[in-house]
Amino acid sequence: MALVERETLALPSGASPGVAIEPLGVLARPHTKTGWRSWVSTVDHKKIGIMYGAAALMFFIVGGLEAMLIRIQLAQPNGTVLSADVYNQVYTMHGVTMVFLVIMPMAAAFANYLLPLQIGARDVAFPRLNALSFWMFLGGGLFFNTAWFVGGGGADCGWFCYAPNSGVVFSPTHGVDFYAVGLQIAGAASLIGAVNLIVTVLNMRAPGMTLFRMPVFTWMQLVVQFLLLFSLPVITVALFLLTFDRSFGANFFNISQGADPLLWQHLFWIFGHPEVYILILPSFGIVSEIIPTMSRKPIYGYPFMVFSGIAIGFMGWGVWAHHMFASGIGPISVAAFSLSTMFIAVPTGVKILNWMATMWGGKITFNTPMLFSAGLVAMFTIGGLSGVTHSVAPADTQQTDTYYIVAHFHYVLFGGALLGLFAGMYFWWPKAFGLMLNDRLGKVHFWLMLVGFNLTFGPMHILGLQGMSRRIQTYQPSDGFTFWNRVATFGVFWIATGMLVFLYNIYSSWSSWKKAGRPNPGADPWDARSLEWSIPSPTPEHNFDVVPEIHAQDDFWHRKYGEDEKGRAVRIAATEDVVQKGDATDVHLPSPSFYPLILASALPIIGYGVIFNRLIAIPGAVLFLFGLYGWAFEPATEPDDHAGDGGHGAHGGGDHDGAALAAPSTEEAHVG
Amino acid sequence: MITTGAKFYFGLGFLLLVAAVLYGWTSGGVDWGLFPGHLGDLYFEMLGALTLGYKGAVGDHLGFGVLLGGAAASTTIGSFMVAFRDADDKPLAEVAGLPTAPPLQLVSSSNVWATIGAFAVAVIAVGIATSGWFVIAGAVLLAIATLEWAMYAWADRATGDAAVNASLRNKIMNPIEVPLFGAIVAAFIALSISRLFLTVPKVSATWLFLGIATLIFVTAIALAAAPRVPKAATRGLLVIAAIAVLAIGIAGAVAGPREFHNEDEEFTVEGTGGPKDLYVYGQVPTTTAAVQEKSGHSEKKGE
Amino acid sequence: MSAETVATATTGHPEHAGHGGAVHESHDRTYVKIACILAVLTFMEMLTYFESIFPDGVERYFAVVLLVLMGTKFYLISAYFMHLRWDKPVLKRVFMTGIVIAVGVYLIMLTAFNFWNGPGVMPH
Amino acid sequence: MAETLTASAEGGHAAHDDHGHETNTGITNEKLGMWLFLGSECLLFGGLISTFLLYKKKLDTFPGFENTTIVRLGRNVYDIPFTSVSSFVLLMSSLTMVLAVSALTRDDQRRMRTWLLATVFLGATFLAGQVYEFTAFVKEGLGFTTNIFSSAFYTLTGFHGAHVLIGIIILMTMFARSLQGKLRARNAETLEIAGLYWHFVDVVWVVIFVVVYLIK
């Protein structure tokens, strides 16, 4: 029909039609601030942070159910719940989900929400790239999980997917293809996020916010983003090689052609060991915020805290081969990596001592965030100590691929990273949503988690030293593993109950707040120290009315408290007087955009094309180009979106971000 | 309300449907002897055409399909016209918020896509006679021309303001056009010139490579050094360069690649796995696709 | 202007270290000179392929010479064409961090593969 | 590669003459972002080069494969004089690229377009060389799946070629923007950022030329 030429109706130029003509539908610039459209088109770092958290929680439930399946299978000898094949898939999907789709995005949620607030910025450096990161992560994660339905089963090669187990011969279904492509997409998302957040921290700090006045959380996240920036390309290479092998017949891991399977191990762990710190450092940052607040003391040894974080970041590059002591890398390599691994325990130890010293002599309030933080310090110490035993190569040779390793990294990742992330959720929930989570339920949640966690993973130390292999589908009654496996399975139900309590807590806190009209917790419910508490809860869309001038580390605290002659803190100003009101108008903000979502949705389509049929990739590629270039040709901020702003007050040095984001490119003047 | 345009398309659709049924029936061969008393048998003979092939058969499938497709297309277009009240000036005026529909306006911009589409059809015709590659190239060109033409036609009457229309078109089409154009320029040059390198002897390829690059470089220096260069001169130069590159590519492709020294035929047969026969583990499938194919094959055998 | 810019850049005057029209304009000659040097270096690299024109035994040192030439080219391009010489030092640091980590981890990896010694493939 | 283009694309809208002085570091977000990305790319190419070096050596020494045809195919396929010209072409394109940026800072649209197109054509000629090289190798019996050497070689140089292609598309985009009058002296930094990417691709080739082609 479009081929039929006919004359158009003339609407005299300049005469404005009675109704807005928007023939572009979804392609028109989104303007809504509420409803689902505002979420899918948002470029607001706070909304993106919340979406990261929600998605990670969803994947946590998926991964948790997979974990329960594993434990139920192992509850008794000769378990028959899962076949050996399905068991392989379940533990692989559990591991990948928990590492890449739960802990990393959960940490990214906090980074997105808090970094701009803690440095006094209006948004991140590239708001649309930020949205792209999220949608790509979500797309990659969902894509990876569709392997269950369309790939002939999930990946079954273990979360580090060693060659040649990952090869076509040993894993003929498409599960590993989904692993390679899904992680590639999620990895690219993290890389974009890393560039974005580093630029944000380096470039967009409020005036006076020097690097060494930044909160420890911001510092730890900065280190994490640098680790991501430099480690992700390595796994990108490895995953490309794997995809080329499996889909295009390359020979990178084809041993019969002389390929070396250790290449995968090296590439994976060059990425994988920094990854370990990528997982744990955000939680270190979170508890470094909570412990001083709840102990009512500044963090002990701030420079040590920061430098130990940086040291971990650098040393994390030189220890990867301790994951490979048992794979025959030669005595000199083993000795060198053994030594470097022992050394990296030092900065971690510094951190633990500093937290203890911060609590020492403080007026500690044991509410839920503090309980979780203290739980992290204790549990991570156990995990760290069992980690040091791995650095001793002879011992490690015995522990490799036993449940001792499983116990160790769950103490580090669950007892460390995850408890820290829960602490952060309870701590910053009022800031994000304007309501407190119930503290009593929170404590129940904590104790259920802590007890269940130790019941589940504590016995694994013993099982491992008894010789029970990890990833083994079942065991015999005569092996003597029965009792401790029962205990572990018993414990996992405690954890599940704890999670149910947490979910109920979210629901009940929200509904009682809705019904009873519980008061807003106010800008600063914890009497805290960093900048995000100086603005109302929930955070207004423009973050800061006036970009603050920073004069000291913990600047917000020093506005509230001075010191008497004995050095004790005395209040010098009421909190209500020093917090901002959140009522600023005419602030430049970046306009929402659909293009990040369009661009991100093209990648899974291309992924399916690579795996199943190249023809599917063509529409994906066209969509990709359309998303990319539509984005590039779309101004970051619509000229109309901040029309009529005159002499806005926030003209501090920190306002540059607003200016950068809102650069009104008049030549891009946009019609329609 | 059924609009004027819709009536036409509905009528056309109905006629095509009747034609399809008749054609489907008659092309299967009609036994006229059935008419006098065996109407029941006649019904069965027509059943295939009447049920559109659901029960029974039709004669010539291609013709039946074309006619039926035409009927479906016409009906769809008619429905669209009803849905969007096309060619009805009252709703147009309503949407525009004007008391009466504005007067007609001639399309002022030129449309090159008709010409390009015709050229594409010609390429396909040539391709049918010579080589399958031309058919593919022509089909791609035709698809591009159709898409661009459709967009052009749509955007030209999207709002009624020529400037707004142009920006609408650009907003949708530029994101695809610009990168594809860049890629096509790169691919065009790379593929054409590499044909030349493949044709000439090895040493000449190196010197030609150096020569072409130097030519580009020197031309750029000359253009940049000149105080003024008329636009027409630059454009002419680009057109000549494009034709030259195309000529080089075609000449190279026609002449075909030079002889390549093949180390050992046994290992170079593509697609059969070649050196993989040397595998320690015997013949090992190396891609997932190969495995799926293999397993699918064995399943069939099992049946 | 060129000399002045270089002088301010080396003394680290931040006001001039950015990018502005005036700064770029005067670099054109420098760019051409750098390109000539790069061309000569590449030519030298290519010469090592024709081993017969060199006296016997020299080719043992080719690897070192080539790596030095490569490093020089790398430096010239990143310092001049990519403006690292005139830009803020933080950019150089970011890029250097990437290079140092890359060279470090991959050299260690190749060492762990026994890459530098004889034909032995498997280290055990 | 999305980040590359979008980084430079965002630059197209946010770069201002005076913008650079407002950030803490004095560098625009877009430029800093591009440098961070390039720093990360070092690890990507480092990994590919190391894989190649490892497998080049392994092919020679794999037990049972010494002096077989496969090994012979893995060596001595290079045409060094031809590849040297490739290096020259890419170096020349780097020069034309900086000259384009330099012309844009003077808002000299004509010369900027001339240099930009020269860069594009030189880049495309480089790609022509690579297409020729790949085709010649395949015709000589060294396919992507032939052995570990060939897989590593094609992957490494293919990744570099893909980077060149993306660079050409970015530069053609810049050219289109210039034709639309949207690339002016005040957003010279957009072109500079695209140029950074282009020079990085050149620098990678400098390394590949020596490490992959020349050193035995």
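1. Buried means under 20% relative accessible area. C42(D) has a relative accessible area of 10%, so C42(D) is buried. C36(C) reaches 46% and is partly exposed. Keep in mind throughout that this is a predicted model.

2. Start with chain A as a whole. Chain A has 672 residues, and 64% of them are buried. Its secondary structure consists of 20 helices and three strands.

3. Next, the cysteines. Over all chains, the count is one disulfide. The partners are C157(A) and C161(A), with sulfur atoms 2.0 Å apart. The angle about the S-S bond is -80°, and the link of C157(A) and C161(A) is left-handed. Is C157(A) buried or exposed? C157(A) is buried, because its relative accessible area is 6%. C161(A) is buried too, at 0%.

4. Helix 10 of chain A spans residues 331-359 and includes P347(A). The relative accessible area of P347(A) is 8%, so this proline is buried. Which residues touch it? Leaving aside neighbours within four places in sequence, P347(A) is in contact with S308(A), A311(A), I312(A) and M315(A). I310(A) is 37 residues away from P347(A) along the chain, yet their C-alpha atoms are separated by 9.1 Å.

5. The surface of chain A has a nonpolar patch. L339(A), M342(A), F343(A), V346(A) and V392(A) form it, with about 450 Å² of accessible area together. One of these, V392(A), sits in the loop between helix 11 (368-391) and helix 12 (393-399) of chain A. V392(A) counts as partly exposed because its relative accessibility is 36%.

6. Now the charges. Side chains of opposite charge can pair when their charged atoms come close.

7. Another salt bridge crosses between chains. R106(D) meets D28(C) at 3.4 Å, N to O. R106(D) lies in the loop between helix 4 (80-105) and helix 5 (109-139) of chain D, while D28(C) belongs to helix 3 (residues 28-47) of chain C. R106(D) has 31% relative accessibility, so R106(D) counts as partly exposed.

8. Chain D also has a salt bridge of its own. D107(D) pairs with R184(D), the closest N and O atoms being 3.3 Å apart. D107(D) lies in the loop between helix 4 and helix 5 of chain D, and R184(D) in the loop between helix 6 (148-179) and helix 7 (188-214), so the pair ties together parts that are 77 residues apart in sequence. D107(D) is partly exposed at 29% relative accessibility, and R184(D) is partly exposed at 31%. Elsewhere, salt bridges that share partners join R296(A), D524(A), D527(A), K560(A) and R571(A) into one network.

9. Last, the interface of chain B and chain D. The two chains bury about 3,900 Å² between them, with 77% of it on carbon and sulfur atoms. The contact takes 48 residues from chain B and 45 residues from chain D. Across this interface of chain B and chain D there are zero salt bridges.

Key:
Residues are numbered from 1 along each chain as its sequence is written. Chains are lettered from A and ligands numbered from 1 in the order in which they are written. This is a predicted model: local features need pLDDT of at least 70, side-chain atom pairs count only at pLDDT 80 or more; totals for chains, interfaces and linings use all residues. Side-chain values use heavy atoms; hydrogens and water are left out. Patches are made of residues with over 30% relative accessible area and no salt bridge: like charges are joined within 9 Å, nonpolar side chains (Val, Leu, Ile, Met, Phe, Trp, Tyr) within 5 Å. Accessible areas come from the Shrake-Rupley method with a 1.4 Å probe; for residues, only the protein chains shown count as cover. A salt bridge is a side-chain nitrogen of Lys or Arg within 4 Å of a carboxyl oxygen of Asp or Glu. Helices (H or I, at least four residues) and strands (E, at least two) are DSSP runs, numbered from the N terminus. Buried means under 20% relative accessible area, exposed over 50%, partly exposed in between (1.4 Å probe, protein chains only). A disulfide is a pair of cysteine sulfur atoms within 2.5 Å. Contact means heavy atoms within 4.5 Å. Buried area is the accessible area (1.4 Å probe) that two parts lose on being put together, summed over both.
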